[in-house]
Amino acid sequence: MNTIAVEIVTPERVVYRGDARIVVARGAEGDLGILPNHIPMVTPLKIAPVLVKKHEGADDKIAVSGGIMEVRKDKVTILAEAAELPGDIDVNRAAAAKERAERRLAESGKEDIDFKRAQLALQRAMTRLDVAGK
């Protein structure tokens, strides 16, 4: 079976390293499916889960908070601002962050800087909850 190496790195540590049949990530222009021997590219990533499909029924989901994805013929490297595996996510903290962000969105005007920050916080919290399976 043809695979591609995957590495997800934050400033603090290597969060994930493994091989995949396909990597699905949300780029600035939409979702991308990366297969082995993909054309080389670099793209910014949005706050969203990254799905690493290894083989039938064995997928890994990683919460990624923005960053850059570099694709080479044999390797995908994601340099993320933050990334978490499902077991590393504090679900209670993520749920509280989601509630705070929703409250801030309801209280502020759409042009307010707090509104934009709250939108990003809500995206991060929802991504973390999605990856944690909650």
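Buried residues have under 20% relative accessible area, exposed residues over 50%, and partly exposed residues lie in between (1.4 Å probe, protein chains only). Helices (H or I, at least four residues) and strands (E, at least two) are DSSP runs, numbered from the N terminus. The structure is a predicted model, in which local features need pLDDT of at least 70 and side-chain atom pairs count only at pLDDT 80 or more, while totals for chains, interfaces and linings use all residues. Residues are numbered from 1 along each chain as its sequence is written, and side-chain values use heavy atoms, with hydrogens and water left out.

**View 1. Helix 2 and the elements against which its buried residues pack.** Helix 2 comprises the 20 residues 113–132. Its buried residues are F115, A118, A121, L122, A125, T127, R128, L129 and V131. These buried residues pack against strand 5, strand 6 (58–72), strand 8 (83–84) and helix 1 (91–107). Just after helix 2, G133 adopts a positive phi of about 80°.

**View 2. Helix 1 and its buried face.** The buried residues of helix 1 are A94, A97, A101 and L105. Seen down the axis of helix 1, these residues fall within an arc of 70° (taken from the directions from the helix axis to the C-beta atoms), so they line one face of the helix. The buried residues of helix 1 pack against helix 2, whereas N92, A106 and E107, on the other side of helix 1, are exposed.

**View 3. The start of helix 1.** Here a side-chain oxygen of D90 comes to within 3.2 Å of the backbone nitrogen of N92.

**View 4. T10 in the loop between strand 1 (4–9) and strand 2 (14–20).** T10 counts as buried, with 8% relative accessibility. Neighbours within four places in sequence aside, T10 is in contact (heavy atoms within 4.5 Å) with V15, A80, E81, A82 and A83.

**View 5. N37 in the loop between strand 4 (30–34) and strand 5 (41–55).** Most residues other than glycine have a negative phi. The phi of N37, a residue other than glycine, is positive, near 70°. N37 is partly exposed, with a relative accessible area of 47%.

Conventions
The expected span of a helix is 1.5 Å times one less than its number of residues. A polar contact is a pair of N or O atoms within 3.5 Å; within protein, one must be able to donate a hydrogen and the other to accept it, and residues adjacent in sequence count only if both atoms are side-chain atoms.
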